[in-house]
Amino acid sequence: MSGSTRDSGDVVEVCDLCGRPVDRDNARYERVGDVVLTACDEDHMRQLRERR
């Protein structure tokens, strides 16, 4: 068996900026006050931070 197979049951998050689904392993998270921002990449996280 290959060691690189992925489980189809991976948990998926949604980017708060663009709404794109992103694997939990690849998502960026940041707590701002009592809210946790979720982004698909560092650029979108920066844009979310600037909006708050």
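**Hairpin.** I began at the hairpin of β3 and β4, where 2 residues sit between the strands and Gly-33 takes a positive phi near 65°. Strands here are DSSP runs of E, at least two residues long, and helices are runs of H or I of at least four, all numbered from the N terminus. The two strands pair in the antiparallel sense over 5 bridges; pairing asks for at least two bridges found by DSSP. I also noted Arg-31 standing opposite Val-36 in β4.

**Ground rules.** This is a predicted model, so I kept in mind that local features need pLDDT of at least 70 and side-chain atom pairs pLDDT 80 or more, while totals for chains, interfaces and linings use all residues. Numbering runs from 1 along each chain as its sequence is written, and side-chain values use heavy atoms, with hydrogens and water left out.

**Whole chain.** I read the order of elements from the N terminus as β-β-β-β-α. Of the 52 residues, 21% count as buried, meaning under 20% relative accessible area with a 1.4 Å probe, protein chains only.

**Glu-13.** Next I looked up Glu-13, which lies in strand β1 (residues 12–14). Is Glu-13 buried or exposed? I found a relative accessible area of 17%, so Glu-13 is buried. Its side chain joins that of Tyr-29 in a polar contact of 3.3 Å. For such a contact I need a pair of N or O atoms within 3.5 Å; within protein, one must be able to donate a hydrogen and the other to accept it, and residues adjacent in sequence count only if both atoms are side-chain atoms. Thr-38 is 25 residues from Glu-13 in sequence, yet the C-alpha atoms are 7.5 Å apart. Leaving out residues up to four places away in sequence, Glu-13 touches several others, including Arg-20, Val-22 and Thr-38; contact means heavy atoms within 4.5 Å.

**Core.** Which residues make up the largest nonpolar core? I listed 8: Cys-15, Val-22, Ala-27, Leu-37, Ala-39, Cys-40, Met-45 and Leu-48. β4 (35–39) and α1 (42–51) are the elements that give two or more residues to this core. Such a core is a set of buried Ala, Val, Leu, Ile, Met, Phe, Trp, Tyr and Cys residues joined through side-chain atoms within 4.5 Å.

**Helix.** Last, I turned to α1, where His-44, Met-45 and Leu-48 are buried. The buried residues of α1 fall within an arc of 105° seen down the axis, so they line one face of the helix; the arc is taken from the directions from the helix axis to the C-beta atoms. Their cover includes β3 (28–32) and β4.

Conventions: Buried < 20%, exposed > 50% of the residue type's maximum accessible area, 1.4 Å probe, protein only.
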